[in-house]
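Good morning, and thank you for coming. Please look at the sequence and the structure on the screen while I speak.

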Amino acid sequence: MRHVIKAQQFDRDELEQLFIKADENEDTKGAPLQHRILASLFYEPSTRTRLSFESAMIRLGGNVITTENAAEFSSAIKGETLEDSIRVVSNYADVIVLRHFDIGASERAAEVSSVPVINAGDGAGQHPTQALLDLYTLKRELGKIDGIHIAMMGDLKHGRTVRSLSYLLGKFSDIHIHFVAPPEVSMCDDVKEYLNSHGISYEEHEHFEDIVSDVDAVYQTRVQKERFESPEAYNQVKGRYILTPENTKDMKQGAIIMHPLPRVDETSPLMDTLQKAAYFRQVGYGVTIRKALLLSVCS
Ligand code: NCD
């Protein structure tokens, strides 16, 4: 494995191998990435993705160099191109973790980088490492991935996590996806075409109540305020789906609620103490899977 750019690049065998590596290295033994350096280059805000990559690298004995607000505090503000910044940083590090506001930025970076580039989110494009941790969460929490029914809910048009997760689920069998969204922000055609060509069944809904009792997992998402064309367009969509103990009470025994976080108001804090609320456990799986990924890319 070299660059990690989009979810479709992984085949099923690679995913299974990655999960085995994640299980084996959950408790780190030794310092396998001693003397290796990770550079995190973030042009968009992040809490979990940047800190969990950095935590994973440090737990593996490696080092981290970082610019958390690259748009302002790197030479981008002086007019340096992304390509030049990557050419430079690839002299300083053994792996670059990049978050950028442009779709396709990681692909551009990979073309000029002499070290592996990991896409940590490219605008409304993809977020493949979030999807890997989401898939790993499904496996850990439900004990399987094949055969599951999952609802993806909220802003499916701008949410890169649900796009990448759909692509990854396309590698498994007997999956059924319910896309629950207002028509203004429904799932884009590229993902639906991919699912059609991979024999994955899906339905589109406007009402969560119609599918609540059918699913093994609900994947809730934030309405991506920063990606709307106008505040009016955002206001029309926000607050449409809010998960509460009341409207989730008909979920199946053992079914879980996931969320990539951050949440705004779409998942009530009253949910947090319920066993089915898996989103903070999901955060923990993020470090585990990113450790496995760094071991694959840097070893
Ligand atoms: C997501 C992202 O950045 O796409 N967050 C994350 O990485 N955990 C989701 C979001 O911002 O809503």
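Predicted model: local features only at pLDDT ≥ 70, side-chain atom pairs only at ≥ 80, totals over all residues.

H35 lies in the loop between α1 and β1 (37-42); helices here are DSSP runs of H or I with at least four residues, strands are runs of E with at least two, and both are numbered from the N terminus. The phi angle of H35 is near 70°, a positive value in a residue other than glycine.

Residues are numbered from 1 along each chain as its sequence is written, and side-chain values use heavy atoms, with hydrogens and water left out.

Let us turn to the helices. How do α1 and α10 pack? Helix α1 (residues 12-24) meets helix α10 (residues 279-298) at an angle of about 110°, and their axes are 8 Å apart. Axes are lines fitted to C-alpha atoms, for helices over the stretch in contact, and angles run from 0 to 180 degrees between N-to-C directions. The two helices, α1 and α10, are therefore roughly perpendicular to each other; angles under 35 degrees count as roughly parallel, over 145 as roughly antiparallel, 65 to 115 as roughly perpendicular and the rest as oblique. On the α1 side, the contact (heavy atoms within 4.5 Å) is made by L18, F19, K21 and A22. On the α10 side, the residues are T288, I289, A292, L293, L295 and S296.

Helix α2 (residues 48-59) also packs with α10, at an angle of about 55° and with the axes 8 Å apart. Hence α2 and α10 are therefore oblique to each other. The residues in contact include R48, T49 and F53 of α2, and V283, V287 and R290 of α10.

Next, the ligand. Which residues surround the ligand? They are R48, T49, R99, H127, Q130, R160, T161, R222, Q224, P260, L261 and P262, where a residue counts if one of its heavy atoms lies within 4 Å of the molecule. An oxygen atom of the ligand is 3.2 Å from an N or O atom in the side chain of R99. For H127, the distance from a ligand oxygen atom to a side-chain N or O atom is 2.8 Å. For R160, such a distance is 2.8 Å.

Finally, L261 and P262 are joined by a cis peptide bond, with omega about 5°. P262 is found in the loop between β9 (256-258) and α10.

Methods:
Polar contact = N/O pair within 3.5 Å; in protein donor to acceptor, adjacent residues only side chain to side chain.
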